[in-house]
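I wanted to look up how the parts of this protein meet. My notes are below.

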Amino acid sequence: MKNDIANLIHGYEKFREQYFETENSAFSELVRKGQRPKVLMIACSDSRVDPALVMNCEPGDLFVIRNVANLVPPYEDDLSYHGTSAALEFGICVLGIQHVILFGHTQCGGIQSLLDHSHEKCGPKSFLTKWMELAKVAHDSTLDHYKEKSLDEQIVLCGQFSLVNSLNNLKTFPWITERVEQGTLSLHAWNFDITNGVLQAYNEQEHAFNVIGGPS
Ligand SMILES: [Zn+2]
C-alpha cells in the first residue's frame, strides 16, 4: 500500500522533469495561454481505459469526463447536482469544444452489473444502483433482442446500446443540439474492445458500429 503512493510520487517526478524542467515547454505554454482543447471525451472510471493514455494525447489535448460506465443523463432542468452535465456545459459553452466523443469499452463492470444484477447488493439507497438506471433502456433492449446470447455477448451488446442511449441523451441538451445544427459541434460514440484492441465508431445512418482502428 505504501508502494502504491510512492509509485505515484515517483511518476509525478518523471512527469515534472518532462513537462516543467524544459524551457518553453508545451506545459508552460498551456499555463500561459490557458487550455484550448477541441475534443471532449466521456469515458468510464475503469482504470484500464484512460482516454489520454489510449489516444496517445498530451496535456491540453482532451477535456475528459469520467464516470461509472461512461453514461450521459438526459437534460434535467431541476437545479440538482449534475456533475456530468456541468462538465459538459463547461466544455461546450465555455471552452468551445468541437467534438464530443463517448468512449465505451468492453468488460465494463457497470454494464455487467446490470445483467448479472451484482449492483443490487449495494441496497436500495445505493448511488451506483440509481446511476445505473440511466442504462436500463440499454439493458432492456439487449434482453428484448438478444436473450439467447451468452452473458459475455450480452454485456458487449448492452455496452453498445448504452452508447447509443447516451448519444441520444446528449441531444436533449439545448446548447448541444443548437451547436450540432449550426455545424460547430459533432457527436461521436466509440467502443474500445479491451480484449483485442479493436476500436469501433457508431454510424448513425447505418445503426451499426464500424471498425476505425485496431490490428489489421
Ligand atoms: Zn466501464
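These entries cover the domains and the interface between them.

I am working on a predicted model, where local features need pLDDT of at least 70, side-chain atom pairs count only at pLDDT 80 or more, and totals for chains, interfaces and linings use all residues. Residues are numbered from 1 along each chain as its sequence is written, and side-chain values use heavy atoms, with hydrogens and water left out.

Domains. I found domain 1 at 1-34 and domain 2 at 35-213. These bounds come from an automatic or database domain assignment. Their C-alpha centres are 29 Å apart.

Contact. I looked up which residues touch (heavy atoms within 4.5 Å). Six residues of domain 1 meet five residues of domain 2.

Buried area. I took this as the accessible area (1.4 Å probe) that two parts lose on being put together, summed over both. The two domains bury about 440 Å² between them, with 57% of it on carbon and sulfur atoms. On the domain 1 side, Tyr19, Leu30 and Gly34 lose the most area to domain 2, together 72% of what that side buries.

Helices. I used DSSP runs (H or I, at least four residues), numbered from the N terminus. Both α1 (2-19) and α2 (26-33) supply at least two residues of the domain 1 side that touches domain 2. α2 gives the most to that side, with three residues.
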